[in-house]
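Dear colleague,

Here is the model you asked about. Please look through it alongside the notes below.

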Amino acid sequence: MDLAFIPSPSVGVVHLGPIPLRGYAFCIIIGVFVGVWLGNKRWVQRGGRSGTVADIAVWAVPFGLIGGRLYHVITTYEPYFGPNGHPLDAFKVWEGGLGIWGAVALGAVGAWIGCRRRGIPLPAYADALAPGLALGQAIGRWGNWFNQELYGKPTDVPWALEISSDPAIGRIGGTYHPTFLYECLWCIGVAALVMWADKRFRLGHGRAFALYVAAYCAGRAWIEYMRVDEAHHILGLRLNVWTALIVLVLAVAYFVISAKKAPGREAVVEPGAQLAEDADGETAGSGTDGDAEEGKVSVEKPAAKTAADDGAAESGAEEAETSAEDEPGDKKSGDAADEPAADAKPAGSGGTKKS
């Protein structure tokens, strides 16, 4: 008797009236938003403009979805173009079936178109987006949990995944290795590794993206080996195992060659971004200078007025001093005029003598 296991959802879709809300689609959408959000933060840190990552993602995401679906349909064509296949089912993306290899490959084509339109080097954009891609994959893998697909071999470990029986598609109920969870945790580790290495060694020219690809492929190889769903085999190994190994070798080769040919990191990742920031800074600075000038005028005007007042005060003081100097003289003259002369004799004092 199993003591513990991870239950699978009884349904993978909830109907809101006539609108179906599918868990698989929600996981993909949330993964895209998280990837773009983190990519935008890293792009700005590298000297790019905010919003550029989202603008280019408008090209990359649709191409990636188409590429992922094409890879799945081509490598698993029997349900669609086999003897009892249904070709129209190839368009039912919501039922699952997106190959990461095709998604990254064709998504890179869409990103290249968007980068070319903006004059941005694709390797620099890929480096900024790499950890976000890994986190987006980690979230997107939970879509397989909603659809009860891509599980591993039977097991009775406490974290085993419970799968319900479905004879219509040949699904046997039981507990299996939750390979979707293994890949989710691995992708989170890959994102952390890329961010650490990028900060520690200042990876550039596509090397952060190459590290993401190599690390993901290393984990995908052993996780893919655990899966029990039907797949094409080559020399005893599943097709996706071979794909992971080949892409791993190519990513490592690119990393080594790029490090020798273009060491360091790009000085400029988005032409014009620094000029725009400088222009914004100059605009803000000119506004400050203008305010300072206005403040200077407003300060100088009272100073001029004060000087004028001081001048008027000095002039008044001089006039007062002059008046003060003149006042004693006038008073003296007035006093002298009012007093009788010392030598003057009273009238009649010496005109006749007595006989």
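The notes below go from the whole chain to single residues.

This is a predicted model, in which local features need pLDDT of at least 70 and side-chain atom pairs count only at pLDDT 80 or more, while totals for chains, interfaces and linings use all residues. Residues are numbered from 1 along each chain as its sequence is written, and side-chain values use heavy atoms, with hydrogens and water left out.

**The chain as a whole**

The chain has 10 helices and six strands. Of the 355 residues, 34% are buried. Buried means under 20% relative accessible area, exposed means over 50%, and partly exposed is in between (1.4 Å probe, protein chains only). The accessible surface comes to about 21700 Å², and carbon and sulfur atoms hold 65% of that. Accessible areas come from the Shrake-Rupley method with a 1.4 Å probe; for residues, only the protein chains shown count as cover. Among contacts in the chain with a separation of 6 or more, 72% are between residues 24 or more positions apart. A contact is a pair with heavy atoms within 4.5 Å.

**UniProt annotations**

The unreviewed UniProt entry places the feature "transmembrane region" at residues 23–40, 52–74, 94–115, 180–197, 209–227 and 239–257. UniProt positions are given in the numbering used here, feature names are shortened, and annotations may be inferred rather than shown by experiment. In the model, residues 23–40 are 100% helix and 0% strand, with end C-alpha atoms 26 Å apart. Residues 239–257 are also 100% helix and 0% strand, and their end C-alpha atoms lie 27 Å apart.

Arg 141 counts as buried because its relative accessible area is 12%. Leaving aside residues up to four places away in sequence, Arg 141 touches Leu 150, Phe 180, Glu 183, Tyr 216 and Arg 220.

With Glu 183, Arg 141 forms a salt bridge, at 3.0 Å from N to O. The pair links distant parts of the chain, as Glu 183 is in helix α7 and the two residues are 42 apart. Glu 183 is buried too, at 4% relative accessible area. A salt bridge here is a side-chain nitrogen of Lys or Arg within 4 Å of a carboxyl oxygen of Asp or Glu.

Which other residues join this network? Arg 141, Glu 183, Arg 220, Glu 224, Arg 227, Asp 229 and Arg 238 are linked by salt bridges. Within that group, Arg 220 and Glu 224 pair with their closest N and O atoms 3.0 Å apart. Both lie in helix α8, four residues apart, about one turn of the helix. Arg 220 is buried at 4%, and Glu 224 is buried at 1%.

The whole structure has 14 salt bridges. Another of them joins the side chains of Asp 198 and Arg 265 (2.9 Å, N to O). Asp 198 lies in helix α7 and Arg 265 in the loop between α9 (239–261) and α10 (273–338), so this pair ties together parts that are 67 residues apart in sequence. Asp 198 is buried at 4% relative accessibility, whereas Arg 265 is partly exposed at 24%.

Helix α5 (residues 122–140) has a kink of about 45° at Leu 129, shortly before the proline Pro 131. The bend is the angle between axes fitted to the seven residues ending at a residue and the seven starting there. Of the 19 residues in α5, 14 are buried.

Most residues other than glycine have a negative phi. Gln 148, which is not a glycine, has a positive phi of about 50°. Gln 148 is in the loop between α6 (142–147) and β3 (161–163), and counts as buried at 8% relative accessibility. His 205 also has a positive phi, near 60°. His 205 is found in the loop between α7 (179–201) and α8 (207–226), and is partly exposed at 24%.

**A surface patch**

Ile 66, Leu 70 and Ile 74 make a nonpolar surface patch of about 310 Å². Patches are made of residues with over 30% relative accessible area and no salt bridge, with like charges joined within 9 Å and nonpolar side chains (Val, Leu, Ile, Met, Phe, Trp, Tyr) within 5 Å. Ile 66 lies in helix α2 (residues 52–75).

Regards
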